Structure formats: C-alpha cells, structure tokens
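Subject: Handover of a two-chain model

Dear colleague,

Please find the structure below, followed by an account of what was found in it.

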Amino acid sequence: MSDEHPVEDLAAYALGSVDAVDNARIEAHVVDCAACAARLRDYEFVVSALPYGLVPVPPPPEAWTTISASAQIQTPRKSRRRSRSRLPAWLRVARWPALAALLALLVIWNVTLERELTRRSPGPAPGPEVEALSRRPGRVIILGGTGAPNASARIFVAVDGGGHLAVSGLPPLQRERTYQLWFVRTGRPAVSAATFRVDSSGRAWVKVEPSVSLDDVRMIMVTEEPASGSPTPTGGDLLIARPWP
Amino acid sequence: MRRGPSAGAGAEEPADPELLRRMRLGDEAALEALYLRYGGLIFTLALRIVGDHELAREVLQDTFLRSWDGRETFDPGRGRVAWWLMGIARNRAVDLLRSRPHQARLREQTRLQSGTHAGEPAQPDAADAVVLRRLVIEALERLPIVQRVAIELAYYGGFTQTEISRHLEQPLGTIKSRTREAMERLRQVLRAALIEPTREPGQRRE
C-alpha cells in the first residue's frame with residue numbers, strides 16, 4: 001500500500017472520472033486503507049444519489065418486452081451448459097468421437113453444398129479462399145424466406161471467424177439497390193456482415209466477415225437497401241434465422 | 001409502472017439482495033421486480049448521459065440483460081445492487097458517448113446542463129423518490145457553479161479530470177480540488193438523510 005492517501009482522487013474515482021493510469025493505484029490503495037475505503041463508500045453513495053435529482057423520464061414500454069424475451073432465450077442456454085456437466089462418465093468419454101464425426105459430416109456437407117452451388121450457379125464461382133473456409137469447423141444456419149417466401153439461404157460461420165452465405169430464390173435487383181446481411185444483437189445496433197446482389201436466377205454466393213460472436217446474435221436477416229449499403233437496416237426483412245441451438 | 005428506489009415499497013416487498021438471490025436461481029420474476037424498481041431511474045440516467053431516447057433504451061436493455069447474465073458474479077461486499085446497476089448503465093452510456101466526436105460531446109453536455117436537475121417530480125406516488133429528489137436538487141443548487149459543472153462533466157459527460165481541465169482551461173489540480181470539495185459538500189448535506197448502510201432500497205424505513 002502506498003503511504004500517500006489519494007485524497008484528491010477518491011471523489012473523481014467514485015464519479016468514474018479518473019484517468020486510466022490512476023485507476024489501479026487507487027484501487028490498490030483502498031484495499032488496504034480502511035479510512036480511504038470508508039470515504040470512497042460515502043462518495044459512491046453520493047454518486048448513486050445523483051440520478052435521483054434528474055427529472056424522471058418513463059422508459060418505453062417495449063424495453064421490458066425485449067429484456068424479458070432475451071432473458072428467456074439465455075436461460076435455456078445456461079441450463080444446457082449445466083446439463084452437459086452432469087453427463088454420465090461413459091457419455092462424457094464418448095462425446096468427443098461423436099463430435100469429431102459430426103464435424104466431419106459438416107465438412108462433407110459444406111463441400112457438397114459448395115460444389116453443388118458452383119455447378120448450378122452461373123455467377124462467380126467461389127475461389128480457393130472460400131473452398132478452404134468450407135473445410136473448417138463451424139456452424140450452419142438456415143435462413144427462411146419471410147418477406148421473400150420463395151427464397152432461402154444457408155450461412156456458414158467458421159469457429160475461428162469468417163464464413164459464407166449461399167442464397168437462392170431472391171429476385172434480381174435494379175442497379176441502385178442491394179441486399180444486405182445483418183447480425184442483430186439485443187440492445188445494440190445491428191451489424192452488417194455483407195452486401196450482395198443475386199444473378200439472373202436469383203442465386204448468390206457471398207463471403208461474409210461477421211465481426212460479432214454468434215453467441216451475442218439473436219437474429220440473422222437479409223434486407224433490401226440502397227446500393228451503397230445502409231448503416232442500419234431500413235428495408236423489411238426478406239430472410240430470417242432466429243434463435244438457433 | 002412504479003419507479004424509484006422504493007416506489008410503493010411495502011414491508012412485503014423483497015429487498016434487492018433477496019431479488020438477486022432469486023435471480024441466481026433463474027427466477028425471471030425477480031428480474032422484473034428489479035426492473036420495476038430501477039428501470040425508470042436507469043433510463044433517466046442513460047437519457048441524461050446520451051441525450052437520445054433510442055440510445056437510452058439500448059442502455060436500459062443492456063443494463064438489465066447484463067445484470068441477468070452477471071447475477072452470479074455480483075458481490076454484495078462491493079456495494080448495493082442499485083450502485084451495481086447504475087455503474088453498468090453509466091459505463092455503457094459513457095462508452096456510447098465516447099464513440100462520438102469530442103466537440104459534439106461537449107456541445108451536448110453544455111446543452112443538457114441547464115434545467116436537468118429542476119422541475120417537479122413526475123411521479124408523486126413514489127414518496128421516497130420525491131423526498132430524495134428534492135434533497136439532491138437542493139444539495140446541487142447549493143454548490144458553487146464551478147463545482148457543479150465539474151461534477152456534471154465528470155459523471156454525466158464521462159470526461160476524465162484531465163479532459164475537464166483542458167476543456168475549462170484550468171489547472172488539473174484546480175479541477176481535482178473542485179471535484180473533491182463538491183463531493184465533500186454533497187456528502188455532508190446528504191449524509192444525515194441518505195447514508196444508512198444497513199437499509200437496502202425496497203425495505204421500509206423504520
């Protein structure tokens with residue numbers, strides 16, 4: 001513990017206004033200094049009272065609906081994680097070969113899908129980079145047509161990042177429009193993963209670069225946007241996938 | 001919807017630690033009770049910081065989802081549930097704020113500084129919140145303006161002491177002194193009324 005009490009900094013620390021370099025010094029000090037810890041606790045109480053002085057504004061009613069829905073989605077995931085740890089010993093041993101077999105099937109399925117699309121699509125054939133991507137372990141998610149009932153898509157996201165999207169059944173667009181793929185998170189802006197156009201038969205093969213973890217994503221969707229793409233979705237959803245295991 | 005620290009709280013309403021205990025067992029009703037108790041306050045705080053209803057809603061949602069995700073890691077020894085929630089909300093809101101250009105943030109804070117700690121309470125049913133609001137408003141009004149500005153830029157503006165010093169063109173030591181003096185004054189004024197470490201919001205005052 002430093003002998004010098006950070007008297008001048010405690011108030012700023014409680015307000016969250018200390019420069020990063022001083023944070024650790026203050027935190028280390030209050031661990032061992034009862035007087036400063038008590039003073040900091042008083043300041044934290046004052047800080048917690050400050051918002052009560054604001055003119056209260058009621059939150060929008062839909063906020064709780066979103067929170068509640070997301071909490072319900074998260075709970076089963078956690079339960080599943082707990083239930084895995086309670087597997088009998090023989091099943092815990094057997095799960096790794098089973099997982100390996102599943103991954104092998106996934107790779108075969110992706111390669112088959114890639115070849116099939118290459119054979120059928122008159123558009124640009126996936127290059128060696130996409131072919132290599134298809135052989136990596138990852139997750140496949142099916143998108144169903146909502147605003148475009150005849151359309152469907154599969155998105156593959158590799159566990160170590162990167163992925164690709166195979167689309168069929170979307171109508172070709174005029175020059176000034178594009179399709180855009182979105183990863184939608186709870187309580188945060190949607191993230192654009194790709195913009196693309198389809199060929200005359202309504203198909204496309206697109207490399208995507210998801211910048212977010214699928215664990216944080218509650219929905220994947222495709223919308224129609226202006227040719228330059230949009231910072232947030234503006235068109236109605238044409239294809240959607242949500243929530244997945 | 002009830003809002004505030006113990007809005008409408010009766011003796012039968014569980015205290016915050018009890019709600020956290022139930023949340024750890026997966027009880028979503030406890031999360032809802034916590035939201036009813038603090039959702040309005042968190043939204044008001046977020047709106048004051050980010051100045052935009054849509055962003056404030058994002059902060060509100062994120063705060064309660066993070067509290068749900070982190071319900072097993074909350075340490076009561078480090079403070080109250082309300083402090084924890086406000087800390088999550090304030091950090092998230094400041095993160096959003098910091099993604100904006102610096103000058104835009106300053107303009108925003110200058111605009112928001114006037115009148116945000118004034119006006120009549122909108123929820124006269126929340127008796128404790130009304131008293132608390134009045135106390136805080138009066139305590140802030142008693143501060144010299146330079147001290148109040150230092151507090152508001154720090155807490156609601158998300159600025160560090162160094163940034164405030166640059167913005168106000170005052171020595172860093174002066175800003176630190178103003179901040180400390182303001183907090184000391186607030187502590188003294190609010191102490192008798194507020195600092196009751198054994199009482200959690202949601203519990204009735206004796």
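Among contacts in chain A between residues at least 6 apart in sequence, what share join residues at least 24 apart? The share is 59%, where two residues are in contact if their C-beta atoms, placed from the backbone, lie within 7 Å. For chain B, residues 24 or more positions apart account for 71% of the contacts with a separation of 6 or more.

This is a predicted model, in which local features need pLDDT of at least 70 and side-chain atom pairs count only at pLDDT 80 or more, while totals for chains, interfaces and linings use all residues. Residues are numbered from 1 along each chain as its sequence is written, and chains are lettered from A and ligands numbered from 1 in the order in which they are written.

Confidence in chain A

The mean pLDDT of chain A is 77, and 73% of its residues score at least 70; pLDDT is the predictor's confidence in each residue, from 0 to 100.

Chain A contains six helices and eight strands. Helices (H or I, at least four residues) and strands (E, at least two) are DSSP runs, numbered from the N terminus. The order of elements in chain A, from the N terminus on, is α-α-α-α-α-α-β-β-β-β-β-β-β-β. Chain B, by contrast, has nine helices and zero strands.

Of the 245 residues in chain A, 32% are buried, and of the 206 residues of chain B, 43% are. A residue is buried if 20 or more other C-beta atoms lie within 10 Å of its own, exposed if 12 or fewer, and partly exposed in between, with C-beta atoms placed from the backbone.

Where the chains meet

In the interface, 42 residues of chain A are in contact with 57 residues of chain B. On the chain A side, the elements that give two or more residues are helix 1 (7-14), helix 3 (34-49) and helix 4 (62-85) of chain A. Helix 4 of chain A provides the largest share, ten residues. By class, the chain A side has 24 nonpolar, twelve polar and six charged residues. Here Ala, Val, Leu, Ile, Met, Phe, Trp, Tyr, Cys and Pro count as nonpolar, Asp, Glu, Lys and Arg as charged, and the others, Gly among them, as polar.

A:Asp19 lies in the loop between helix 1 and helix 2 (20-32) of chain A. Leaving aside its neighbours within four places in sequence, A:Asp19 is in contact with B:Thr160, B:Gln161 and B:Thr162. A:Asp19 is partly exposed because it has 13 other C-beta atoms within 10 Å. A:Asp19 and A:Asp9 are ten residues apart in sequence and 9.8 Å apart in space, C-alpha to C-alpha.

Helix packing

In chain A, the axes of helix 1 and helix 3 come within 8 Å and cross at roughly 35°. Axes are lines fitted to C-alpha atoms, for helices over the stretch in contact, and angles run from 0 to 180 degrees between N-to-C directions. A:Leu10, A:Ala11, A:Tyr13 and A:Ala14 of helix 1 meet residues of helix 3 including A:Cys36, A:Leu40 and A:Tyr43.

In chain B, helix 1 (residues 16-24) and helix 2 (residues 28-50) pack at an angle of about 145°, with their axes 7 Å apart. B:Leu19, B:Arg22 and B:Met23 in helix 1 meet B:Ala30, B:Leu31, B:Ala33 and B:Leu34 in helix 2. That contact has six nonpolar, no polar and one charged residues.

The axes of helix 2 and helix 3 (residues 53-69) of chain B come within 8 Å and cross at roughly 140°. Helix 2 and helix 3 of chain B are therefore oblique to each other, since angles under 35 degrees count as roughly parallel, over 145 as roughly antiparallel, 65 to 115 as roughly perpendicular and the rest as oblique. Among the residues making this contact are B:Tyr35 and B:Phe43 of helix 2 and B:Phe64 and B:Trp68 of helix 3. By class, the contact has 13 nonpolar, three polar and no charged residues.

With kind regards
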